[in-house]
Each structure stands twice: as C-alpha cells, then as structure tokens.
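This report describes how the parts of a protein assembly are put together and where they touch. The sequence and the structure come first, and the description follows.

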Amino acid sequence: MGEVIYSAKPLWAVLVSMIAAFLILLTGEKHRNLREGWTILAALIKFGLVFSLIEPVLAGKTIEYTLITLLPGVALQFRVDAFGLLFGVVAATLWIPTSFYSIGYVRTLKEHGQSRYFFCFAMCLSSAIGVAFAGNLLTLLIFYEILTIATWPLVVHHEDESAIMGGRKYLVYTLTAGCTLLLAIGITYSLTGTLNFTSGGFIAGHGSPGLLILLLAMFIAGFGVKAGIMPFHEWLPSAMVAPTPVSALLHAVGVVKAGVFGCVRVILFVFGPELLHQLGVWTILAGVVAFTVVVAGLLALGQDHLKRRLAFSTINNLALIILGVSLLSKNSMTGGILHLANHAFMKITLFFCAGAIYAKTHKDHVSQLDGLGRQMPFTFAAFTIAAMGLCGLPPVNGFISKWFLCLGAVETHQIIFLFVILTSAMLDVAFFFPIIYNGYFKKPLPDVAPKIDEAPMLMVIPLCMTAIFCIILGIMPNAFLNFFNIVRLAVANVLGG
Amino acid sequence: MIDQFPALIIVAPLLGAFLTPIIGWRYRQLCRPWALMILAIPLYAAGGALLQVIRSGPFGYNLGGWAPPWGIEYRIDHLSGLMLVLIAAIGLLAAINAKPGVSMDLKGKEPHFYTLLLLQITGLMGIVITGDLFNIFVFLEISSLSGYGLIAHGEDGAPMATFNYIIIGTIGASFYLLGVGYLYMATGSLNIADLAAILPNLYHSKMILVGFAFFTTGVAIKMGLFPLHVWMPDAYTTAPGPVSTLIAPLMTKVAAYIMIRIMFTLFQPDFSISVVPVATILGWMAVVAIIVGGIKALAQTDIKRMVTYIMIAEVGYIVMGVSVMNRPGLTGAILHIVNDACMIFGLFLIIGAISYKGHGREIYHFQNLNKKMPFTMAAFVIVALSMCGIPPACGFFSKWYLIMGTIVAKQWVFSITLLCSSLVNAVLFFRIIEKAYLAPLGGGAHGHDDDHEEEVIVRDEAPASMLIPILITAAIIIILGPLSGKIIAAVIQHAVPAAF
Amino acid sequence: MLEYILAKYNFWIYVVLMMIGLYAMMGKRNLVKKLIGMNIFQTSIILFFVSIGVKKGGATVPIIMGHGHGHGQHLIKVADYLNPLPHVLMLTAIVVSIATTGVALATLILIYKRYHTLEEDEILAIRKDPSSYKTLG
C-alpha cells in the first residue's frame with residue numbers, strides 16, 4: 001500500500017473532544033453558554049482535523065501515529081486508512097448537527113444533569129473516533145470499552161426505573177461482549193504475535209480451521225452485540241429510553257456503528273475475504289445476518305413506540321451492512337460500507353424528527369401522530385425524506401447503497417440474499433409509510449395545533465440539514481466529503497486492486 | 001551513599017519506629033510529621049535502588065560486612081526493587097491519609113499508630129529486600145505482629161478477629177519456619193541464592209518436598225488463598241480505617257511475593273511443574289478462590305467486607321498467573337501485584353474517607369453520595385472501572401497478561417473464570433455506582449430542573465489530607481495502564497525466569 | 001517399625017507435640033486454651049530445630065581452642081563440634097513466639113473487657129445478639 005505519513009492528527013482528533021469533556025465538567029451548570037461553547041468548538045475542530053485527513057488518504061497514503069508500546073509488537077497506535085476514515089468522517093460530521101440539536105433538546109425539555117450529559121457525549125465521540133482510527137485490535141478494544149462505559153450514563157439519563165433497567169441490560173450485554181472480545185483478541189495474539197490490521201487479513205495460516213471458525217464466531221458475537229445482530233439485539237430497543245439525541249448519535253452513529261465497524265474490521269482486516277472463502281463460513285455468516293434483516297423488519301412492524309420502531313429499523317439496517325460485507329464481492333462490499341455512512345445520515349434525521357416531535361408535543365407513539373404533519377411540516381418533510389431513503393427510493397442516498405448491495409448479491413449468484421435485501425426494503429415501506437400517512441393524511445387529533453408550530457429552531461435546522469444532506473448524497477455521492485471515493489478506495493484496498 | 005541504600009531502607013523506618021514513642025511521649029502531634037519524614041527516606045532509597053537495578057542489574061548488600069552464605073545478605077533485583085517502591089509509596093500515602101482517620105478512630109493513640117505503622121513498613125520492606133530465608137520469617141513476624149496490634153484497635157468485633165488472625169497467622173508463619181528447617185537440614189544453608197545453587201541436585205529428596213509443602217501452605221495462609229482465607233474478611237473489615245488502608249493492600253501482596261520467590265528463585269520453575277504438581281493444584285485452588293470470592297462478595301452489603309472478599313478473588317488472580325507457569329502468566333501476576341495493590345489501596349482510602357464523613361458502609365448509604373463527595377466518587381468510579389478491567393485503567397492490562405498466560409497454557413477454564421470474575425466485579429461496582437449517581441429506583445422519576453427543590457444536598461468533601469492520596473491513587477491507576485508496556489520492558493520481564 | 005520410630009524419636013515427639021498444639025487451636029472453644037495450643041505448636045517447632053543441631057558422641061560447642069598460635073596443623077573435626085546455627089535461629093524464634101504470645105494475651109484482655117468471657121461460643125452468641133450479654137455476664 002501507499003506511503004505512510006506520521007502525524008499526530010488522529011491523536012488530536014481523538015483528544016479534542018476528551019479535553020472538551022473535562023472543560024465541560026469544569027465549567028459546570030453555572031455557565032451554560034460557555035459549556036455548550038466547548039462542545040461546539042470541539043465539534044468544529046474535530047471535524048476540521050478529520051476533514052484534513054481525507055485528501056492524503058484519497059491520495060493513497062496512510063496516516064499513522066504511535067503513542068506508546070503496550071505489548072511486544074502491539075502499540076497504542078492510530079492508523080487512518082480509507083475504511084477507518086469513512087467512519088471517522090461520518091461520526092465527526094454528524095457530531096456538529098447533533099451538538100446544536102442536543103442543546104435545543106435539553107433546554108426545551110429542561111433536562112437535569114446537563115453537564116454529565118455533555119461530558120459523556122464528548123467522551124463517546126472521542127472513543128468513537130478512537131475506534132475508527134485504531135491501528136490494531138487492542139487499540140480498537142480499548143476505545144470500544146471506553147465507548148461502552150461512556151454511553152451508560154446517557155442510557156440511564158432519566159434515572160427512572162425503565163432507564164435503570166435499560167442501563168443494566170445494556171451493561172450486561174456489552175460488558176459480556178467485551179470479555180468475549182478480550183478472549184478472542186488474546187487467542188489471536190497468541191496465535192499470530194501481532195494485532196495490526198492488514199488489508200486482506202493477517203490470521204490466515206495460523207491455527208486450524210476449526211479454531212479460526214470459533215475465533216470468528218467469538219469476534220462476531222463480541223462486536224455483534226453492539227451491532228445488534230440477533231440474538232444479541234435485545235438491549236438496543238431497551239436503550240431507547242435514553243434522551244433522543246443520544247439515541248440519534250449513539251444508537252444510529254456512534255455505538256452501534258462501532259459494533260458494525262468492528263465486525264467489518266474483523267471480517268476484512270483480520271480474517272480477509274480469501275480466508276473466509278477457504279473456511280466457507282461466509283454463507284453461514286451472511287445467513288445469520290440475513291435472518292436478522294428480515295426478523296428485525298418484521299418486529300419493527302409491531303412497534304407502536306416510535307423510537308423502538310426506529311431501533312428495530314436500525315437493527316435491520318446494521319445487519320444489512322454486515323450482510324453486504326460478508327457477501328465478499330466487490331459491489332456488495334461497496335454497498336455495505338457505503339450504507340454505513342448513508343444509514344447514519346438517514347437514521348439520525350429520523351431520530352431528530354422523533355425527538356423534535358417529543359420535545360414539542362410529548363408524543364412518542366406512532367398512533368398519536370395523526371395529522372401532526374400540519375403542525376410540524378418541516379419535521380415531517382425531513383422524516384419523509386429519510387424514510388424514503390431507508391426504503392431505497394431514489395433520489396435519496398439509501399438508493400445508491402441498496403443498489404450496490406443488490407448488485408453484489410447478484411454477483412455472488414446468491415439470489416436468496418437479493419430477495420432478503422428486497423424484502424427488507426418492502427418491510428421498510430411497510431413500517432415507515434403508515435407514520436407518514438398518519439402525519440399527513442389522517443384527521444388531526446384534537447390537540448394538534450391548526451397552524452404551523454414547530455419545535456425550536458435549534459432542533460429543526462439540524463434535522464432539515466441532515467435531510468437535505470441525504471438528498472445531496474443521493475444525487476452526488478461524492479459531494480463535499482468524497483464518501484463514494486473513500487468507499488471505493490477501502491474496497492480496493494481490501495481486494496488488493 | 002547509593003551503596004548504603006539497602007541498609008537505609010530497613011534501618012530508617014526501624015529506628016524511626018523506636019523513636020516515635022519517645023517523641024510522642026511529650027509532643028503527640030509531632031508523631032505524624034516525624035513518620036512522614038521517616039517514610040520519605042525508604043521511598044527515596046527504594047526509588048534509587050530500583051533505578052540502580054534497571055541501570056546495572058541486581059546487586060547485593062552484605063549486612064555487617066559478612067559475606068553470604070554465612071552473613072545475611074540484602075539482595076535487590078528487579079522484582080524486589082519494584083516491590084520496595086510499591087510498599088514505600090503506599091506506606092507514605094497511607095500515612096498522609098491517616099491523619100483524619102486516626103484522630104477519629106484512634107484518638108490519643110497517635111504514637112501507637114505511627115510506631116506500629118513504621119514497624120509494619122519495616123517488616124514488609126524487610127521481607128522483600130532480604131536474601132535469607134530465616135530473615136524473611138523474622139520480618140514476616142515483625143509485620144504480622146504490628147498488624148495484629150493495629151487491627152486490634154478496631155471496631156466491635158476487632159479483638160476477636162485479631163485473635164483469630166493471630167492464631168491462624170502464627171500457624172502460617174510456623175509452617176514457613178518448618179519449611180526453612182527442612183531445607184536447612186538438607187542443605188545447611190539459609191541464603192536464597194546459595195540454596196538455589198544447591199537444591200537442584202536434591203529435588204527428589206523427601207525432605208525438600210516436605211519443606212516445599214510447608215512453605216507453600218504457610219505462605220498461602222498469609223496470603224489469604226482460599227480455603228485458608230478465613231481470617232481475612234473479619235480482620236480487615238473490623239480494623240480501623242487507616243489500618244486496613246495500610247495493611248490490606250500490602251500484606252497479601254507481599255505474601256504473594258514470597259510465593260513467587262520460593263517458586264521461581266529458590267526452586268527452579270520445573271520443580272513446581274514436574275517434580276510436584278503444585279502448579280496444577282494452585283491453579284485450581286485459584287479458580288475456586290476467584291469463584292468463591294466473587295460469590296461471597298456479591299452476598300455482602302457492607303462495602304468494606306465486600307472489598308475483602310474481592311481481595312480473596314484477586315489473590316486468586318495472582319496465584320493463577322503464577323500457576324500457569326509461562327511468561328505472560330507470571331508477567332501478569334507480578335503486574336497484578338502492583339496494580340491490585342494500587343486498586344485495593346484506592347478502595348480502602350475511599351471507604352475510609354466515606355466513613356470519616358459519617359456515612360455508613362452499607363450500599364444503600366451511597367445514595368446521592370456523588371453530590372456530597374464528587375471527587376471521592378469520581379475516584380471511586382476510576383478504581384471500580386479498573387477492577388472491572390475496563391481500559392485504559394491498569395486493571396485491564398494485568399488481566400490481559402493473565403488471560404494471555406491461561407491461553408498459552410491452554411487452560412480454558414482458567415480464562416473463562418477470569419473473564420467471569422471481571423463481569424462479577426462489574427456487577428459489584430455498578431450497583432454501587434448506580435446508587436451513588438442515580439436517583440433511587442422507583443422514586444425519583446424524570447427529574448427536571450424546575451421541580452427539583454425537594455432537598456438540597458450540600459457538598460461535603462473529605463479533608464485534603466484524605467482527598468489528595470485518593471486522587472493521586474486514582475491518577476496512578478489511570479497512568480499505570482498505558483505505561484504497563486514500559487514497566488514490563490524495564491522491570492518485570494527481567495523478574496521472569498529466563499527459562500520461560 | 002518400632003525401631004524406625006525409636007531411631008528418630010525426636011522427630012516423632014515434635015510431630016506429636018505439633019498435633020496436640022494444632023488440636024488445641026482448632027478444637028478448643030476456650031481462647032486461653034487456644035493460645036496455649038499455639039504455644040505448644042511453636043515450641044514443637046523450636047524443639048525440632050534444636051534437635052537437628054544435636055550430635056552424639058561428645059560433640060561440644062564450637063569454641064576452637066588454638067594450640068599452636070594460629071599456625072599449627074590442627075584439623076577441625078566436624079563431628080567434634082555442634083552446629084550452633086539452628087540454636088541461634090531458635091533464640092530469635094523464641095523471641096518471636098514470646099512477642100506473639102504477648103500480643104495475643106493483650107488481645108485476650110481486650111476481649112475479656114468487652115465480653116466478660118473467653119469462651120468462643122459465648123462471645124459469638126453475644127455478638128450475634130447483644131441482649132444476651134447481660135444474662136451471661
């Protein structure tokens with residue numbers, strides 16, 4: 001692969017929000033505006049840092065920074081390649097609208113413990129970027145675990161019974177997963193003596209096929225918990241008790257995507273497509289996630305709570321990403337990795353809308369939304385755009401990634417997976433369009449205001465921005481951030497092309 | 001100066017201990033500054049000795065100029081250098097922390113406390129520094145006796161717990177002494193280096209086997225290895241706050257040090273593998289210790305008692321690392337001695353601060369504690385996360401090496417036990433964190449700003465002399481983690497026998 | 001068999017004493033008896049050490065009397081002298097054991113002051129149910 005640049009930029013991209021987190025804590029409740037200022041300042045700096053990495057990576061370079069040696073041959077090391085950069089860019093970009101939106105949300109609802117909230121938020125972002133830029137499995141695990149812990153206070157934020165129970169469930173699932181990962185990484189290290197990600201994998205030739213399959217299962221189970229692969233998905237709907245911006249950024253972008261990111265890292269950069277073909281397990285893996293795709297879609301149909309419905313849709317889409325990658329063909333990988341970015345933009349818009357509706361009207365069930373489109377037209381317009389995208393309708397960005405996924409399924413001659421992808425699109429239509437229908441066409445409920453009465457500007461503007469972004473990315477996938485090129489480069493790296 | 005460091009490490013606290021009552025006779029409040037001053041000397045000397053070892057390898061010091069094997073030799077190598085720094089640092093921090101606790105629990109007994117504290121440190125340092133088997137026994141008893149004296153000052157059940165500790169501790173020490181006797185009978189030497197050279201020819205002698213068995217049992221008692229742990233929970237729970245802070249983190253760790261010395265320096269590693277299957281036995285005892293310690297800890301509602309049961313599990317960790325008999329395992333065990341000492345020390349410091357502020361030790365007393373003592377609780381969270389093995393705190397790294405050790409040894413049951421144990425720790429600590437940080441279950445619903453006037457919780461933080469050691473320890477726990485690679489490269493890898 | 005025992009009777013005595021001590025420590029309910037057991041236990045070990053230093057056949061303390069002002073051809077026969085080291089070690093061990101006894105006795109005084117009894121089961125009963133203290137005491 002191309003040349004390596006040694007630069008501390010990845011480190012600073014991680015540290016900037018960590019420093020901001022402590023500044024937030026020091027500033028405290030008394031100086032709210034200053035405290036929020038830190039958040040936004042850090043978000044902008046982080047975006048700038050990550051953005052500045054795009055150009056060198058697209059030029060085929062890798063940015064590396066080694067902090068300190070942890071084990072013989074393994075260091076606390078950041079290495080930015082195309083795939084990591086994609087996740088980093090998505091997280092850093094979406095932090096900006098989420099920051100504004102959070103401020104609007106917590107102030108409208110007069111939430112308690114705001115300092116803790118913003119502190120943990122910033123810590124989560126730090127660790128998400130750390131996960132994205134990690135150069136080896138151990139660094140990845142370290143940030144992954146920090147992410148687990150930093151998310152917990154956000155999940156239990158409401159401090160009522162369902163929040164605490166949701167938090168406990170979250171911890172049980174994710175900490176057990178962390179232990180599984182620790183064991184898997186330990187075995188990998190003892191087999192190979194290295195943990196550095198290598199395009200096309202590094203574990204081939206070490207250990208018997210049986211052991212490798214077991215190892216893959218442990219990795220997928222470990223990362224799959226956060227990615228919501230069935231049967232490890234149960235915590236995600238329960239964690240929807242968190243405030244909506246948390247659900248938006250962390251359960252559409254940060255935490256769950258870290259899980260997906262980990263799965264993909266393991267599939268492509270630890271095991272590698274060739275080894276998976278040899279072992280012949282990719283069909284099993286694809287089968288498991290295909291099952292998740294369909295079942296999560298079906299379960300979403302039955303949810304009346306809006307955020308829970310979105311949570312199941314998240315599970316469905318995350319599995320779709322992993323499905324794309326585990327089909328191991330060029331187009332399916334492109335589709336899967338691209339969907340990682342596209343889904344983030346669409347899902348965050350949907351959560352923003354759900355939050356705006358809740359902040360304005362305290363409604364959180366699908367059946368309560370009748371006629372609300374007239375009161376909150378911008379919110380519902382954004383919701384419609386994002387929902388269309390998830391159904392795979394052009395010109396929203398979801399279309400492109402699903403198109404590539406379908407192409408990939410055809411390419412591998414596994415028509416069943418094509419059906420799975422199409423079925424999931426149908427299910428998306430089935431569970432999103434009733435919401436849109438209720439909002440626009442049903443007779444308004446008595447408490448719906450007759451005139452336009454939107455949520456605060458701090459919430460509406462971010463959600464409109466992300467919705468518009470979804471369309472722009474649908475028409476020009478390379479707009480602004482060069483997503484498509486980055487994805488192409490990532491896939492080319494893996495396939496050695 | 002530097003070649004007198006080994007003597008200074010022992011002589012300074014020993015003399016200091018004898019002078020403390022004299023000073024305290026008239027000027028009771030001078031005891032603490034005096035003790036702090038005295039304790040700074042071994043810390044400085046130990047640091048210097050460790051640097052010397054890192055620079056130019058292990059060195060010896062012949063006490064009174066008598067050459068070994070006849071004279072008593074003080075020998076500082078990488079392992080003992082590390083332990084010396086650890087003991088000296090924890091001793092100093094514990095003495096700094098002791099002031100408010102002593103004025104509350106041991107009012108008017110300052111001279112007693114500081115004398116015994118210095119003696120305790122002397123004993124522990126002596127065990128680590130000496131290269132003579134019988135000398136280890138003497139220092140072991142010095143530290144134990146001062147420990148008995150300190151613990152007996154505690155709350156209601158303390159005298160009874162102390163008496164039990166005396167009886168069981170004496171059995172442990174006597175077994176150790178018997179082991180020394182058998183080895184002496186067989187070889188005529190007491191110097192560890194000398195014995196290590198003589199013993200390999202005698203490995204199959206019955207006398208050596210019996211001696212080894214007595215050694216292991218005696219040390220296991222002192223270490224609190226299950227099922228020989230019965231004295232430990234009572235003794236450490238009932239001891240006064242500043243006392244358990246001092247003794248609990250160090251005593252078990254130093255006993256673990258003796259075990260590592262016996263198994264890896266005195267005897268060759270393959271003695272414990274092939275001649276007697278002691279490694280396997282110890283490994284399974286460690287599994288039981290970890291499981292039982294975890295379950296017993298889950299059953300406790302008194303946090304101090306809970307921590308003592310966690311200690312039993314943690315001793316299991318160290319023994320497990322020793323028992324797998326490979327490089328990562330032993331590295332993990334030694335690293336865990338350091339890390340666990342810091343973590344247990346941190347926990348007892350925090351418990352001491354909480355009790356000093358008049359809060360109970362039951363878990364439900366932790367309600368809202370983060371608002372009253374935010375810094376203490378922040379430190380508690382750090383220590384707790386480290387205990388659960390969450391990176392980048394140091395607990396993660398020792399756990400990593402221990403697990404690597406079990407993987408290399410292909411002892412899957414051991415690996416699973418370790419992992420489950422960190423999950424148990426997560427349950428143990430998160431139930432407290434939940435209490436401290438979150439509204440009570442069922443009671444305080446969605447607390448919004450405006451309807452939050454019911455009760456005003458006043459911040460009531462521990463005094464600076466307690467808070468500073470707490471925060472230093474928390475910082476050390478975070479810093480030790482990423483630095484563990486460096487520590488291993490500089491120190492621990494030289495402490496692991498080259499045969500691995 | 002009997003011969004075997006008699007040949008090393010010193011070891012058998014120490015083992016028997018040790019078992020008596022252990023039994024007293026584990027089996028007796030009275031704390032003073034436990035303490036006495038501890039003492040027997042320690043003494044047995046001291047006796048063991050002392051007996052390994054013994055030599056038969058007129059061996060004596062190792063004070064070497066020089067006949068020839070330091071340049072004689074005198075040979076020191078090992079069998080003629082006792083090894084003093086085990087005995088010296090035991091001086092230290094005795095000191096340790098006395099110190100332990102002292103601390104233990106002090107603790108017993110503390111216990112007696114607090115519970116007015118030295119029977120373990122009674123103390124446990126009082127600790128479990130403090131009201132029973134008066135009826136007993």
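This is a predicted model: local features need pLDDT of at least 70, side-chain atom pairs count only at pLDDT 80 or more; totals for chains, interfaces and linings use all residues.

Of the 137 residues in chain C, 31% are buried. Among the contacts in chain C with a separation of 6 or more, 49% are accounted for by residues 24 or more positions apart.

| Interface | Buried area | Share on carbon and sulfur atoms |
|---|---|---|
| Chain C and chain B | about 2,900 Å² | 81% |
| Chain B and chain A | about 3,400 Å² | 75% |
| Domain 1 of chain A and domain 2 of chain A | about 2,200 Å² | 87% |

### Chain C against chain B

The contact between these two chains takes 37 residues from chain C and 31 residues from chain B. Zero salt bridges are counted between chain C and chain B, while four residue pairs, both members at pLDDT 80 or more, are in polar contact across the interface. On the side of chain C that touches chain B, at least two residues each are supplied by α2 (9-27), α3 (31-52), α4 (85-115) and α5 (120-128) of chain C. The largest share of that side comes from α4(C), with 17 residues. By residue type, the side of chain C that touches chain B divides into 28 nonpolar, five polar and four charged residues.

### Chain B against chain A

Here 38 residues of chain B are in contact with 39 residues of chain A. Across the interface of chain B and chain A there is one salt bridge; Glu434(B) forms a salt bridge with Arg168(A), and their closest N and O atoms are 2.7 Å apart. One residue pair in polar contact, both at pLDDT 80 or more, is counted between chain B and chain A. The side of chain B that touches chain A receives at least two residues from each of α17 (394-408), α18 (412-437) and α19 (464-495) of chain B, and α18(B) gives the most to that side, with 11 residues. The residues of this side of chain B divide into 26 nonpolar, eight polar and four charged.

### The two domains of chain A

The domain assignment of chain A gives domain 1 (1-227) and domain 2 (281-483), and the centres of these domains, taken over C-alpha atoms, are separated by 24 Å. In the contact between them, 24 residues of domain 1 of chain A meet 26 residues of domain 2 of chain A. Of the area that domain 1 of chain A buries against domain 2 of chain A, 28% is supplied by Leu86(A), Leu94(A) and Tyr101(A), more than by any other three residues. The count of salt bridges between domain 1 and domain 2 of chain A is zero, whereas two residue pairs, both at pLDDT 80 or more, are in polar contact across this interface. The elements that give two or more residues to the side of domain 1 of chain A that touches domain 2 of chain A are α2 (32-58), α3 (82-109) and α7 (209-227) of chain A, and the largest share of that side, 16 residues, comes from α3(A). The residues of this side of domain 1 of chain A divide into 20 nonpolar, four polar and no charged.

Conventions
Residues are numbered from 1 along each chain as its sequence is written. Chains are lettered from A and ligands numbered from 1 in the order in which they are written. Side-chain values use heavy atoms; hydrogens and water are left out. Contact means heavy atoms within 4.5 Å. Buried area is the accessible area (1.4 Å probe) that two parts lose on being put together, summed over both. A salt bridge is a side-chain nitrogen of Lys or Arg within 4 Å of a carboxyl oxygen of Asp or Glu. A polar contact is a pair of N or O atoms within 3.5 Å; within protein, one must be able to donate a hydrogen and the other to accept it, and residues adjacent in sequence count only if both atoms are side-chain atoms. Helices (H or I, at least four residues) and strands (E, at least two) are DSSP runs, numbered from the N terminus. Ala, Val, Leu, Ile, Met, Phe, Trp, Tyr, Cys and Pro count as nonpolar, Asp, Glu, Lys and Arg as charged, and the others, Gly among them, as polar. Domain bounds come from an automatic or database domain assignment. Buried means under 20% relative accessible area, exposed over 50%, partly exposed in between (1.4 Å probe, protein chains only).
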